[in-house]
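I opened this entry to record what I looked up, beginning with the overall fold and going on to the charged side chains.

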Amino acid sequence: MNSLILTILLLAGQAGEFFNDSRIVSSFAVISDVHINGRKDATAKFHTALEQLKAEALKDDADGLDAVLVAGDLIDWAYNNPKHVAQIDYFKRDYEACLFPHRH
């Protein structure tokens, strides 16, 4: 699992004056190769990665993480495999449980 935090900064005028940590508008995380498949170890790794991304975003942005982009390999099975629907459900459940715990 690879992850990276990208911070989108508000730029108005010269970069030296406005391009700094005090002008953060949104914190945006990118993660790939999560391979959610319903196994506890995959879920635990995914949950840990999301928690790390949330913690990293909070270092520079009091609002925390605003968005997450999963760049690929969400699940283990190809689209035409009957297991893909269940695995997408696992991904959705795990993603929401970590990022929106008050809904569960």
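**Fold and confidence**

I counted three helices and three strands in the protein, and from the N terminus on I read their order as β-α-β-α-β-α. The model is predicted, and I noted an average pLDDT of 77, with 75% of the residues scoring at least 70. Among the elements, strand β1 (residues 2-9) has the lowest mean pLDDT, 46, while helix α2 (residues 40-60) has the highest, 89. Over residues 1-14 I found the pLDDT below 50, although this stretch has 44 contacts in the model beyond near neighbours in sequence.

**Salt bridges**

My search of the whole structure gave six salt bridges. One of them joins the side chains of R39 and D76 at 4.0 Å, N to O; because R39 lies in the loop between β2 (24-32) and α2, and D76 in the loop between β3 (67-70) and α3 (83-99), this pair ties together parts that are 37 residues apart in sequence. I also recorded that R39, D41 and D76 are linked in a network of salt bridges.

Within helix α2, E56 and K59 are three residues apart and so separated by about one helical turn, and their side chains meet at 3.1 Å, N to O, in a salt bridge. E56 is partly exposed at 36% relative accessibility, whereas K59 is exposed at 60%.

Finally, I looked at D94 and R93, whose side chains form a salt bridge at 2.9 Å, N to O: D94 is buried, with a relative accessible area of 9%, while R93 is partly exposed at 38%.

Conventions:
Residues numbered from 1 in each chain as written. Predicted model: local features only at pLDDT ≥ 70, side-chain atom pairs only at ≥ 80, totals over all residues. Heavy atoms only, no water. pLDDT = per-residue confidence, 0-100. Helix = DSSP H or I, 4+ residues; strand = E, 2+ residues; numbered from the N terminus. Contact = heavy atoms within 4.5 Å. Buried < 20%, exposed > 50% of the residue type's maximum accessible area, 1.4 Å probe, protein only.
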